[in-house]
Amino acid sequence: MQPPSRPLRFVHTADLHLGSRVITLPGMHPDVSSSLTDATYTAWQSIIDLCIREEVDFLLVAGDVYDSADRNIRAQLQFRDGLRQLEKSGIAAYIVHGNHDPANAWSRSIQLPKNAHCFSSDEPEVIIHSDQDGTPIAAIAGMSFATAHIRENLAERFPPRDREWPFSIGLLHCSIGGAAGHEPYAPCSIDDLRECGYEYWALGHIHQPATISAGDPYIIYAGNPQGRDMGETGDRGCRLVTVNIDGSVGIESVRTGSYRWDLIEIDISGASDLGILEEKIRERLAAVSEEAYGPIITRLILTGVTPLNHELAGGGITALAERLTEDTPVGKHPVYPERIISRTTPQINREEIIAREDILGEICKKSAGLLSGEKQRIAEAIAPLYISYARSYLNQPDDDEITAIIEEAEALLLSRLAAGGIE
């Protein structure tokens, strides 16, 4: 590879899911709810602004521009409009289609500007990107999904790196090693990608940002640029990549999500007054707000041994959630409680209870059995909740969420029965 005469710069993004449903909360101010609904579009504009501000050479989009194969016209128009802004600044865009936006699902009546190239779904293509003076500065190999369900290992079809190529990039929507929580579309291994000999793999499909390999080659999942529910917590953004004249590569994670989803756990051990508990929660959320970069939507997990356990299970949680929604905690940025979950336990000795031969002991034994290896039974029992219409609004629970369901059920039953006089 010939060393570049100047630094090469590009932005890598993926999984825009423009127009996808972002969960809003009951009681939210209409302006906030509207802003949250449009959050995926706002994130896309942030990516465009970043490209223009940093004067990058090109933008890479690794699939799933919009959310479904229903030809979401608004999403496609918004995407085109962003590319037009790049065109005015002389910035190219290279795009592959993924499982949510396969090549056969795009509207043919919406033409993308000339600066945008969508890779073929027939075979991998290689595009040599040249500087304004005609000097080749990057080779980009990419391949799109033809249809929504691609089970073939597309990486095996990518051509090996030509020694005459400049800095080489693979652009692909795929699943490495059967990533948990994602359909194994275009499955491949790290070795499959390394065998191509490219310097950088710009990947899409996995929504959690991840560096699979930090060099030789760089294998990067940019993640989705805006979290949409509690399954997508933490900062979300894109990658700004700089290839220096000496060949070294710098990769910066740039936050583009305007709303951050977070889980916050608060230990309320010993708390015996709901009013004081509310104050404690507000103090914690205000502290979180001061450290945040923007609005936060949080799920609060209350833990610990407390005499309030029964009251929280009996309606106290709902009252707390309503008060925090109506009067959001004061801080640098607003904090919106999505839900409050009580994983507190009553002031009882669980080890003593599990040894008993009554209903309380049976509850503890049953939950211990489920936690030790029978979680699949719970997953199968609740699976009907996640099919047909509800599938668009609910994520299938992962292993940690199944654990939480079992623990919450045990705590609720122990609290209710113990309060009812079973000793």
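User: How many aromatic pairs are there?
Analyst: The count comes to 10 aromatic pairs. Rings of Phe, Tyr and Trp (its six-membered ring) pair if their centres lie within 6.5 Å; planes under 30 degrees apart are stacked, over 60 edge-to-face and the rest tilted. Keep in mind that this is a predicted model: local features need pLDDT of at least 70, side-chain atom pairs count only at pLDDT 80 or more, and totals for chains, interfaces and linings use all residues. Residues are numbered from 1 along each chain as its sequence is written, and side-chain values use heavy atoms, with hydrogens and water left out.

User: What kind of pair do W44 and F79 form?
Analyst: A tilted one, with 4.9 Å centre to centre and 35° between the planes. W44 is in helix α2 (residues 39-53) and F79 in helix α3 (residues 73-88), so the pair links distant parts of the chain, 35 residues apart. Helices (H or I, at least four residues) and strands (E, at least two) are DSSP runs, numbered from the N terminus.

User: Are W44 and F79 buried or exposed?
Analyst: Both are buried, meaning under 20% relative accessible area; exposed is over 50%, and partly exposed is in between (1.4 Å probe, protein chains only).

User: Which residues of α3 are buried?
Analyst: A75, Q76, F79, R80, G82, L83 and L86. They sit on the same side of α3 because they cover an arc of only 160° around the axis, taking the directions from the helix axis to the C-beta atoms.

User: What do they pack against?
Analyst: The buried residues of α3 pack against α2, β2 (58-62), β3 and β4, where contact means heavy atoms within 4.5 Å.

User: New topic: how many salt bridges are there?
Analyst: There are 17 salt bridges, each a side-chain nitrogen of Lys or Arg within 4 Å of a carboxyl oxygen of Asp or Glu. One of them joins R157 and E123, with the closest N and O atoms 2.7 Å apart.

User: Where do R157 and E123 lie?
Analyst: R157 is in the loop between β6 (136-142) and β7 (167-173), while E123 is in the loop between β4 and β5, so the pair ties together parts that are 34 residues apart in sequence. R157 is partly exposed at 28% relative accessible area, and E123 is partly exposed too, at 45%.

User: Which other partner does R157 meet in a salt bridge?
Analyst: E152, at 3.2 Å from N to O. E152 is partly exposed, with 38% relative accessibility.
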